[in-house]
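Look over the sequence and the model below. The report that follows covers a strand pair, a helix contact and a ligand shell.

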Amino acid sequence: MNIHVVNHPLVQHKLGLLREGDISTMKFRQLTQELARLLAYEATRDFELEATTIDGWCGKIDVQQIKGKKVTVVPILRAGIGMLDGVLDLVPSAKISVVGLARNEETLEPVSYFEKFVDSLDERIAIIIDPMLATGGSMVATIELLKRKGCKQIKAVVMVAAPEGVKVVNDAHPDVQLYAASLDSHLNENGYIIPGLGDAGDKIFGTKHI
Ligand SMILES: O=P(O)(O)OC[C@H]1O[C@H](OP(=O)(O)OP(=O)(O)O)[C@H](O)[C@@H]1O
Ligand SMILES: O=c1cc[nH]c(=O)[nH]1
Ligand SMILES: [Mg+2]
């Protein structure tokens, strides 16, 4: 299975705290941002650098800078918004593209309700963020939207992934690199990740899951 599971002790510790059944909205939100920051650090590790010359305090000096156009971060609404500030802490100049998808609770198919992309996607690396990769439907739909707009370099950062969803994404888009804090056991009959986190969107936004 093509997924990079980040086994850093801080990631695994924070993920354990996030799995507490009676966690508060505040704590879930805070840990989501902290995890997003650490996962983004890993996901950007292979970014290409290029040399440039700047005016330093003692004259001209050679420094390194990230090559190419600015990254676009792509939160999948709603829950992806919970990870956004954490990622922007590391790539503060990133442009933001937004995709609104809600899973139909019966069919588990993603239903699209919003999209707004930045320009020049063919020249940018896209980092899709969403706490949960369950059946993979939402992730595949987002990747397809980005590819249709010309995007060629796509990474996806999730907190928890199910093997079923990873397979769906890998099979459809083997070029997309996946990063997660955990590859969990399986999906239950309602399409929820086990052990997972429950409904991440509801936990981040403080809405009740009915
Ligand atoms: O892999 P999938 O089976 O597509 O499921 C994962 C999707 O489900 C959740 O969002 P949801 O649709 O519940 O919307 P929300 O973010 O508004 O809560 C989650 O944040 C993902 O976007
Ligand atoms: O386990 C899951 C699956 C989909 N969406 C969630 O928020 N959690
Ligand atoms: Mg969603």
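## Strand pair

Two strands pair if DSSP finds at least two bridges between them. Helices (H or I, at least four residues) and strands (E, at least two) are DSSP runs, numbered from the N terminus. This is a predicted model: local features need pLDDT of at least 70, side-chain atom pairs need 80 or more, and totals for chains, interfaces and linings use all residues. Residues count from 1 along each chain as its sequence is written, while chains are lettered from A and ligands numbered from 1 in the order written.

β6 and strand β7 (residues 110-116) run antiparallel, joined by 6 bridges. V99 sits opposite E115 of β7. The β6-β7 hairpin has 6 residues between its strands, and L108 there takes a positive phi near 65°.

## Helix contact

Helix α2 (residues 25-43) and helix α3 (residues 81-90) have axes that come within 7 Å and cross at roughly 40°. Axes are lines fitted to C-alpha atoms, for helices over the stretch in contact; angles run from 0 to 180 degrees between N-to-C directions. So α2 is oblique to α3 (under 35 degrees is roughly parallel, over 145 roughly antiparallel, 65 to 115 roughly perpendicular, the rest oblique).

Residues in contact (C-beta atoms, placed from the backbone, within 7 Å) include R29, Q33 and R37 of α2 and M83, D85 and V87 of α3.

## Ligand shell

Around ligand 1 there are 22 residues (C-beta atom, placed from the backbone, within 6 Å); A79, R103, T135, S138 and G201 come nearest. Elements giving two or more residues are β6 (98-103), β9 (132-133), α4 (137-148) and α6 (200-205).

Note on methods: Contact = placed C-beta atoms within 7 Å.
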